Amino acid sequence: MTLYYQERNLNNIAKLADNTKALALKWHEYLVKNDINILIYETIRTEAKQREYVNSGASQTMRSYHLVGQALDFVPVNSKGETLWNGYGAADVKKAIKEAKRLGFEWGGDWKSFIDKPHLQFIYKGYGTDTFNGSNVDTPSKGEGTKPSNIATSIVDYLKSKGIDSSFSNRKKLAKQYGINDYEGTPEQNILLLEKLQSGAKPVEPSKPKENKPKPKKEYVTLPASAKTWRTYKLNVAPVKKNSDWSLTPAAFGGLTYEILDKPQANVVTIKTSRGKRNIYVGSDTSAKIFKK
């Protein structure tokens, strides 16, 4: 099988540090072999991008393993390449995550304080210990992790500044209103939501539910139990005594009620009986009662 985003996945994997790259390639081979479709949408990350994520609330540290080429972010996709941000619980994706962990990756979905389901990182011998073409990479200073930049406004801070509930549940509602489906609080989703809010974009209007127009009431006729018989007529004859060839017996059933199918003429209605459609006379001089429901 060829994954929908196979070329993009391999291009992103190629950006990783040496040992992390080797494991990521083994994991990708497993995905291909087992027909598990995913998109590896980000691997190595610049400090500027990491600061943007920290300030958007999508990340909590400036010592991300993405900065040193020891992490990748992935999302499940379907056969059409559509991202499934709620797909991490699918059986095949669980298998993929299990294999990644077996190979030596740490999964962000196992974290307790900041769950990050798209995230896989390879600790190797510690932060920044992997190499690029055999050489070590420079890493940001440890102190930076506690001093987020003010270059960008975080989605949380922006909502607070506007007096809007900044909780995850409310951000999820806002995301849906602005056309961001399956909101999981990923960096891309947070930044997109922030951009939409800051730009003054109008929320996506939900499709109006179809009006439930009340169904028209049907008419019925009741032949009371006091009537021993009630003449019926075929549809192609006049409803007069001599043309009646069969009678109903309301008294035998404690009364009979039928839906009125038609009114071919005044004081005559069409009903459906055990012998098919028949006309009966229901003039005011009879005891028949017509009603709607």
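Trainee: Which residue stands opposite Asp262?
Mentor: Thr270, in strand E12. Keep in mind that this is a predicted model.

Trainee: How many bridges join E11 and E12, and in which sense do they pair?
Mentor: Two bridges, antiparallel. Strand E12 covers residues 268–273.

Trainee: What sheet are they in?
Mentor: An open sheet of three strands. The order is E11-E12-E13, and the pairing is antiparallel.

Trainee: Which strands stand at the edges there?
Mentor: E11, residues 262–265, and E13, residues 276–281. Each has a single partner strand, so one side of each is left without a neighbour in the sheet.

Trainee: And how far are neighbouring strands turned against each other?
Mentor: By 40° on average, with direction ignored.

Trainee: What holds paired strands together in a sheet, in general?
Mentor: Backbone hydrogen bonds. The pairing can be parallel or antiparallel.

Trainee: New topic. What is the strand order in the sheet with E7?
Mentor: E10-E7-E14. This is an open sheet of three strands, paired antiparallel.

Trainee: Which are its edge strands?
Mentor: E10, residues 256–259, and E14, residues 289–292. Each of them pairs on one side only.

Trainee: How many bridges join E7 to E10?
Mentor: Four. E7 spans residues 219–223, and the two strands run antiparallel.

Trainee: Which residue in E10 stands opposite Tyr220?
Mentor: Glu259. To recap the two pairs: Tyr220 faces Glu259, and Asp262 faces Thr270.

Key
Residues numbered from 1 in each chain as written. Predicted model: local features only at pLDDT ≥ 70, side-chain atom pairs only at ≥ 80, totals over all residues. Heavy atoms only, no water. Pairing = 2+ DSSP bridges. Axes fitted to C-alpha atoms, helices over the stretch in contact; angles between N-to-C directions.
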